[in-house]
Amino acid sequence: MSKSKELSQEQLALLNQSYPVSDSNSRASYPRFGMLSKDIVEESGTGKNKKITIVEAAGTFYTEEDNGEVDPETGKKVWTKTYLSDKVEVIIAFHRKQLRLFDKSLNKFISSPIYDTKDQLVPLYLDRKQIGFGTPAELQAKFPAVTESGKKSSKLKEETLLYVIHEGTLYQWQLSQSSKWSFKDYSKGLNPSSVVTELSSIEETNGSNTYRKATFVSKGMITQDDFDLVQESQTTLKAQVVSDAEYFLKQSENKQLSDGQDKALDEMVENAKKALD
C-alpha cells in the first residue's frame with residue numbers, strides 16, 4: 001500500500017459510516033480473489049515409482065480475472081489465475097452474504113443471490129430455476145442439520161463474501177466456512193476498511209480433513225492515498241446493495257411460489273438430505 005500522511009478523523013468517520021455492520025442479486029462482476037485450502041499436486045509414475053509433486057502449496061493466495069479468453073471446446077469463458085504468495089496485504093472495503101449448498105446427487109449448487117441483511121426476502125435457485133423464497137433463516141430451516149455438539153444448524157450455509165483491494169484492484173473473495181469465522185473474530189474489534197490487513201493462513205484439522213484457513217492481522221491505518229480508492233469502491237457497492245434491496249422487495253410484493261415450485265423445493269430438500277447425510 002502507498003504511504004503518505006495519516007487520515008483525518010472526518011475521513012475515518014466516513015469509512016465507519018460506509019462499512020457494513022453485522023446484519024448488516026449482485027449484478028456487477030468482479031475479478032476473484034482466493035486462497036488454496038489444500039495443496040495442488042501432480043502425480044507421476046505408478047506403484048513404488050509413484051511420485052507426488054506439490055505444484056502450489058496450500059495457503060497460497062491467488063487472483064482470477066476474465067481476460068476475454070474462451071474455451072474453444074465448451075464456449076465458456078476462461079478465468080486467468082495468478083498465484084501470489086502465502087502472505088498478502090489487502091484492504092477489506094466491504095462484505096456481503098450468500099446462501100449456498102452443494103447437492104451431491106445433482107452435482108450442482110443450490111444458492112441465493114448475494115444479499116445483506118437477515119430480514120431480506122430472497123429467492124433460492126437451482127440451475128437458474130427458483131425453488132424457494134423467504135428470509136435467509138426461513139430458507140436455511142428447509143435444510144436442517146445438527147452440529148457435533150447437538151445444536152440446530154443448516155446444510156444451507158451462510159457464506160461471507162469480502163470485497164478486497166489488492167494493488168489498486170477490487171476483487172470479490174468467497175470465504176470458506178472456517179475462514180469466515182476467522183474474519184468475524186477479526187472484524188469485531190475494528191473497521192476492516194480503515195486498516196491494511198495482512199492475510200496469511202494456519203493449518204486446521206477436522207476429523208480426517210486437514211486444510212488451511214485464512215488469518216487476518218491489521219498492519220495499521222490506511223493512508224491518505226488509499227482512502228479515495230476505498231471510498232470509491234464502497235460507493236459502488238452500496239449502490240448495488242440498494243438496487244438489490246429494491247429488487248428483493250418487488251419480488252416479495254409481487255411473487256409467491258406456485259404449488260409446483262413448493263413441491264420442487266420439497267423434493268430438493270429431500271435429495272439434499274439423502275446426498276449429505
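Start by selecting Gln172, which sits in strand β13. Keep in mind as you look around that this is a predicted model. Is Gln172 buried or exposed? With a relative accessible area of 18%, Gln172 counts as buried, because the cut-off for that word is under 20%.

Now show what surrounds Gln172. Leaving aside residues up to four places away in sequence, Gln172 touches Tyr30, Pro31, Arg32 and Phe33, along with Ile114, Leu161, Leu162 and Tyr163. Pick out Tyr163 from that group: its side chain makes a polar contact with the side chain of Gln172, at 3.1 Å. Gly34 and Gln172 are 138 residues apart in sequence, yet their C-alpha atoms are 8.4 Å apart in space.

Next, move to another glutamine, Gln98, whose place is in strand β6. Gln98 is buried too, with a relative accessible area of 12%. What does the side chain of Gln98 reach at 2.9 Å? Look for the backbone oxygen of Ser112. Ser112 is also one of the residues that Gln98 touches, not counting those up to four places away in sequence; the others are Ser111, Pro113, Ile114, Tyr115, Lys157, Glu158, Glu159, Leu161 and Gln174.

From here, turn to the largest nonpolar core, which has 18 residues. Which elements supply at least two residues each? Colour strands β1 (32-35), β6 (88-103), β12 (157-166), β13 (169-174), β14 (195-206) and β15 (209-221), together with helix α3 (177-187). Strand β6 gives the most to this core, with 3 residues.

Centre the view on Phe216 for a closer look. Again setting aside residues up to four places away in sequence, Phe216 touches Ile92, Leu162, Trp173, Leu175, Ser179, Ser182, Phe183, Tyr186, Thr197, Glu198 and Leu199.

For the last stop, go to helix α3. Its buried residues are Ser178, Ser179, Lys180, Ser182, Phe183 and Tyr186. Show strands β6, β12, β14 and β15 alongside them, and you will see what these buried residues of α3 pack against.

Note on methods
Residues are numbered from 1 along each chain as its sequence is written. This is a predicted model: local features need pLDDT of at least 70, side-chain atom pairs count only at pLDDT 80 or more; totals for chains, interfaces and linings use all residues. Side-chain values use heavy atoms; hydrogens and water are left out. A nonpolar core is a set of buried Ala, Val, Leu, Ile, Met, Phe, Trp, Tyr and Cys residues joined through side-chain atoms within 4.5 Å. Buried means under 20% relative accessible area, exposed over 50%, partly exposed in between (1.4 Å probe, protein chains only). Helices (H or I, at least four residues) and strands (E, at least two) are DSSP runs, numbered from the N terminus. Contact means heavy atoms within 4.5 Å. A polar contact is a pair of N or O atoms within 3.5 Å; within protein, one must be able to donate a hydrogen and the other to accept it, and residues adjacent in sequence count only if both atoms are side-chain atoms.
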